[in-house]
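Me: I'm new to this one, could you walk me through a few parts of it?
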Amino acid sequence: MSTSADPLAALAALPGVTESVDAVRKAVDRGYGHRVMRRRSNEVTSEAALRGARGSAALAGADWALEEVRRRTDFGAEGEPRTVGAALRLTAEAGQLLSVWRQSPLRVLARLHLVAAGGAEADDRVGRPRLAGEPVEEPLVGLDLPLPDADEVAGRLDGLARLLLAGSEAPALVTAAVVHGELLALRPFVSRNGLVARAAERIVLVGSGLDPKSICPAEVGHAEQGVAAYMAALEGYASGTPEGMAAWIAHCGRAVEFGVRESTAVCEALQRGAA
């Protein structure tokens, strides 16, 4: 991360990032400009939430068909049902935490982990960063990345919170990508870090005003690009190189664009009376 007064703005100036930011803004504007958004935006928001949760769960190892996610009501079983249930709960919770995020990002992250853990509230590891020696149970995410120790996690989380609270002139895409990438690289909790990171990205995109009605589910786009591309982009972020950071931001930008495309398809279906 840059040592400038505004590290996020410095990232926004990296080669290629401006193009990603512009492409995202244009895509979001097109999505919000659809005629269906004038009168049925709540339906689009609800469908985007469902599809976003499905995408996030897929990246966590529970790649279910959309209609299966829509149909199921029991997510209490271990394994994939629990993962899908966690993704659904996080998507619903994210919209309730916008005002708290502006005051205390770390409090929100703790809450997101508690929600993701579901019935594990009795576990004293839930809702707090992991301590020294505590293992991380995290499918897919970070398989080829060294796991930072607890002291590094605490320091970098504090730095991330201070960065967010200080404010920045950087575009929302850049901030969202950094929050997402930092949480994936750190894996600060003993489980569900990927789900939490993607929910935090959603909070930034919505709270920044880029996607105020939450109709651009980046989780859909991350899943559509595939796990291999997701991991490769994450490794770029974790490298800390300008090229790697720019590649991660671009990856997140494409994810938002794909999310817009998904919601545009929903708008078209609603317009035809097919949804």
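This is a predicted model: local features need pLDDT of at least 70, side-chain atom pairs count only at pLDDT 80 or more; totals for chains, interfaces and linings use all residues.

Me: Which residues of H2 are buried?
Reply: Helices here are DSSP runs (H or I, at least four residues), numbered from the N terminus, and buried means under 20% relative accessible area, exposed over 50%, with a 1.4 Å probe and protein chains only. The buried residues of H2 are Val 17, Ser 20, Val 21, Val 24, Ala 27, Val 28 and Gly 31. They cover an arc of only 130 degrees around the axis, taken from the directions from the helix axis to the C-beta atoms, so they lie on the same side of H2.

Me: And which exposed residues are on the face turned away?
Reply: That face of H2 carries Glu 19, Lys 26, Asp 29 and Arg 30, which are exposed.

Me: What covers the buried residues of H2?
Reply: The cover, counted by contact (heavy atoms within 4.5 Å), includes helix H1 (7–12), helix H3 (37–59), H9 and helix H13 (242–272).

Me: Switching to H9, how many of its residues are buried?
Reply: In H9, 15 of the 15 residues are buried, so this helix is largely enclosed by the rest of the structure. Just after H9, Arg 187 takes a positive phi of about 45 degrees.

Me: What does Trp 248 contact?
Reply: Leaving aside neighbours within four places in sequence, Trp 248 contacts residues including Ala 177, His 180, Gly 181 and Leu 184.

Methods: Residues are numbered from 1 along each chain as its sequence is written. Side-chain values use heavy atoms; hydrogens and water are left out. Helices (H or I, at least four residues) and strands (E, at least two) are DSSP runs, numbered from the N terminus.
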